[in-house]
Protein chains: 2
Amino acid sequence: MFGRLMTRLRECSHSWSAYRRYTSVTAEDVTAFRAIVGPNGVQTDGLDAYNTDWLKTHTGHSELVLRPKSTEEVSSVMSYMNERGLKCVIQSGNTSLVAGSVPIDNEIVLLMGRMNAIESLDTASGILVTQSGSVLQTLEEYVNERGFIMPYDLGAKGSCLIGGNLATNAGGLRFIRYGSLHGSVLGVEVVLPDGQVLDLMSQMRKDNTGYDLKQLFIGSEGTLGVITKVSILCPLKLKHQTVALLSLKSYDHLLKIYDKIRRQLSEYLTSFEMMDALSLEAVVKNLEQSHPLGSHNEFYAMIELSANDKDHMESRLSQVIEELMSEQLISDGTYANDDNHNRFLKLKSYRERIAEGLLRDGYSYKYDISLPLNVFYEIVEVMRERLKDTDCLKVVGYGHIGDCNLHLNITSKAFDKRIKTTIEPFLYEYVAKHKGSISAEHGLGLMKNSYLKYSKPVEAIALMKQIKKLFDPKNTLNPNKVLPND
Amino acid sequence: MFGRLMTRLRECSHSWSAYRRYTSVTAEDVTAFRAIVGPNGVQTDGLDAYNTDWLKTHTGHSELVLRPKSTEEVSSVMSYMNERGLKCVIQSGNTSLVAGSVPIDNEIVLLMGRMNAIESLDTASGILVTQSGSVLQTLEEYVNERGFIMPYDLGAKGSCLIGGNLATNAGGLRFIRYGSLHGSVLGVEVVLPDGQVLDLMSQMRKDNTGYDLKQLFIGSEGTLGVITKVSILCPLKLKHQTVALLSLKSYDHLLKIYDKIRRQLSEYLTSFEMMDALSLEAVVKNLEQSHPLGSHNEFYAMIELSANDKDHMESRLSQVIEELMSEQLISDGTYANDDNHNRFLKLKSYRERIAEGLLRDGYSYKYDISLPLNVFYEIVEVMRERLKDTDCLKVVGYGHIGDCNLHLNITSKAFDKRIKTTIEPFLYEYVAKHKGSISAEHGLGLMKNSYLKYSKPVEAIALMKQIKKLFDPKNTLNPNKVLPND
């Protein structure tokens, strides 16, 4: 036991001085939970997948997984746990990149995937009501068939659940057009740590009656309550989508075309993504894909446009691209529209599969930061220089330039502590110096909670701790994550 | 004194059982405040305007107005008040329609208008940073000149301040396109009731580091802290605006054209407003304006479109209008674009001046509710029937149909208690039955706090009270507003 604990101490990035084994689950507890969620809702064997995070960097020791089907079951489960002093981690798609949804110790895993009933979609307003365990891609398809789209889109859409998306305030690819979940989520139902059901299920776009409590749960990473139901505003699906991939010589050119494209095509622009040469190489070489353009280049921009009037949109796009070509701001390009759906998806996949490609190198050190555009790419070059004498394989930068959100990824054959300590806390200090965010969209989870001070002042952290204490006085939910341990 | 108190008891809608006169301001206090904000920052005479709300329904008895110029001054003021047990109401433009920014008793008025420095506008990202006392219209003009627009627009823009807009989670006319302030505000600086400065001034669109505390202040109506600085994302200004006024025979037709227009013109649609015949009459007759169309009709829709490519936008609009005419969904219409700016503003003014026109009747009972579209207008007819034997002059409905937000207004020559008790609580019960919101955008303030239970469950109200206690344990800020008195 002690050996296992020590291994964890070495693995984990944050201080374990506060570490202790949580209250153990007894046979009586398992019997009680079986009575609540039914025999099919309880699992005690073969829990490896639930104990391991997506990046495979953290291994928990949970001995119990519960699969509730209803808000009432979640309420009874939480009430029981709270009474008994048991700890719990809520797991949706378990796609967290900061080990936010994996047990640290022996927390009970509350698996939300069975709560996947879609309740309604109002086709007059576009308001979708669903249980929180619905898979994002299932919801996307459901609303697509009815003339709408989800207001956000993620690479993990095939496995992530909407409840987890809210809990982590997921950003993703449509953010530049449809904004944050803080704007598009209209209502939530939440089970509080003591089992109380908090019904904030508004289906109205506007409701100024008292403090907007639902906002606290969006981005709280499962530490304040269990989101069980969601009401969310879906934009109308525009009839036509076009995606274009452009290649460029420099970051400076990228900034210039970003400015021109958003000014001239703002009615249509749904996403504006950038990748550097090594990001694309991670897909082309590591995943054995053909290069999407004839020749390599230093930078790539992938822009997506949507409109009802395809001809007009594409003629506007052509005009703009011709201008950019004649000004020598772009070197090459290609585009696809969804008339040829396979080609369209294939072209998009060069951006979506970067993370997957990078993992093939072995180990991926993932950072997801916000930085002002004038220093947005500089950090990639600074980091290459810092890491040049280590065994790192790639330092790549890609991301949502329209949102100032950079995914800085570094790979090596296997986890290498020297690489990590060369990156951190240097990177966080750099981000703090430029008033960026150390976690733009991934959250803090277990891997980044001790670095919160680089993005928030002490007064804010103190208030967050008081709020946690108010909502979860017994620290039942996702203990020792998000907020730093003292 | 007792007589004056009794008058207030009759005027005010909510229970005054908890009423007591707050700690009095002494000459020593005034001296101390003078030392903090300077002699020009203190006013003790001629305070009527600050003691009276916009609708002139509530009169407070404040004897002291403070005009801080900086966050440091606000911090010192709050710290002093908190220590002394003094009460305070933050006043921005004092345009609240629920008496949210007016003293109830002798609260000190903290006037924010001198804190009106615009700090920066990043023209790459559209992020504006300003002190909270800037007038909305000034900001709109400032960002317009630099190629952007504010993400929201209100009738009160000439006098309301951005800090007050955030504190009340203002909605307004661009909501349908640019969404809620919960999405577009990126950062705030807040002075807490004990004088602590909470710096949450992110200038990044994405920041998932801990609980999103700024969201709590948006819509808290000045009860949790004093917003002193704001960072907000401004959309690009599209080059051309067109506004169209269409007349229709029935609410059913209105729903049909709403659906068609948003599906066919969604790339361009910036607002979709409705007015009934009596709403327009309040402008035409009470304000002596010419009728904007040749003939009267039952309903009017005012839609606003924006685009970079005017010709294409207007040809699309013409096509859609022709279709609606041939389907006999609309009877008449006119439009104006901002090439002829005066005509453009004139046409828009028929919607913007309704509230002003109604006030000319004498007294206006204002309700701002969210309702599902299938019962959205029904309440106006129900209310006309209920009030037909009273001395009411008009029952009108207008508002943001795109956001399910109805402004239900009733007028009479002077305030008439019988009319009020015929409306309330019946209206709130109706809204609760249809799961709407009793205050879509105006907030609760003093006039609606006791009705919160119609839109929020007891568990939520209990949590709100705990949050108020956490942030403001001595109940210094805007006491006895927003949350119901026990």
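**Reading salt bridges, burial and an interface**

Trainee: Which residue forms a salt bridge with Glu304(A)?

Mentor: A salt bridge is a side-chain nitrogen of Lys or Arg within 4 Å of a carboxyl oxygen of Asp or Glu. Glu304(A) pairs in this way with Lys348(A), and their closest N and O atoms are 3.4 Å apart. The two belong to distant parts of the chain, 44 residues apart: Glu304(A) in strand β12 (residues 299-307) and Lys348(A) in helix α13 (residues 341-352) of chain A. Helices (H or I, at least four residues) and strands (E, at least two) are DSSP runs, numbered from the N terminus.

Trainee: What should I know about the model itself?

Mentor: The model is predicted, so local features need pLDDT of at least 70 and side-chain atom pairs pLDDT 80 or more, while totals for chains, interfaces and linings use all residues. Residues count from 1 along each chain, chains are lettered from A and ligands numbered from 1 as written, and side-chain values use heavy atoms, without hydrogens or water.

Trainee: Are Glu304(A) and Lys348(A) buried or exposed?

Mentor: Buried means under 20% relative accessible area, exposed over 50%, and partly exposed in between (1.4 Å probe, protein chains only). Glu304(A) has 12%, so it is buried. Lys348(A) is buried as well, because its relative accessibility is 11%.

Trainee: How does the pair of Lys285(A) and Glu281(A) read?

Mentor: Their closest N and O atoms are 3.9 Å apart, and the pair counts as a salt bridge. Lys285(A) is exposed at 57%, whereas Glu281(A) is partly exposed at 28%. Over all chains the rule counts 50 salt bridges.

Trainee: Where does a salt bridge of Asp403(A) lead?

Mentor: To Lys206(B), with closest N and O atoms 3.1 Å apart. This pair crosses between chains: Asp403(A) is in the loop between β15 (394-400) and β16 (405-412) of chain A, and Lys206(B) is in the loop between β8 (197-200) and α9 (214-217) of chain B. Asp403(A) is buried at 2%, and Lys206(B) is buried at 2%. Shared partners also join Arg205(A), Lys206(A), Asp403(B) and Glu441(B) into one network of salt bridges.

Trainee: How much area do chain A and chain B bury between them?

Mentor: Buried area is the accessible area (1.4 Å probe) that two parts lose on being put together, summed over both. Here it is about 6800 Å², 59% of it on carbon and sulfur atoms. Lys206(A), Asn208(A) and Tyr211(A) supply 15% of what chain A buries against chain B, more than any other three residues.

Trainee: What surrounds Gln241(A)?

Mentor: Contact means heavy atoms within 4.5 Å. Gln241(A) sits in strand β10 (residues 240-248) of chain A and is buried at 11%. Beyond neighbours within four places in sequence, its contacts include Glu304(A), Met313(A), Asp338(A) and Phe344(A).

Trainee: Is Lys433(A) buried or exposed?

Mentor: Lys433(A) lies in helix α17 (residues 426-433) of chain A and is exposed, because its relative accessible area is 62%.
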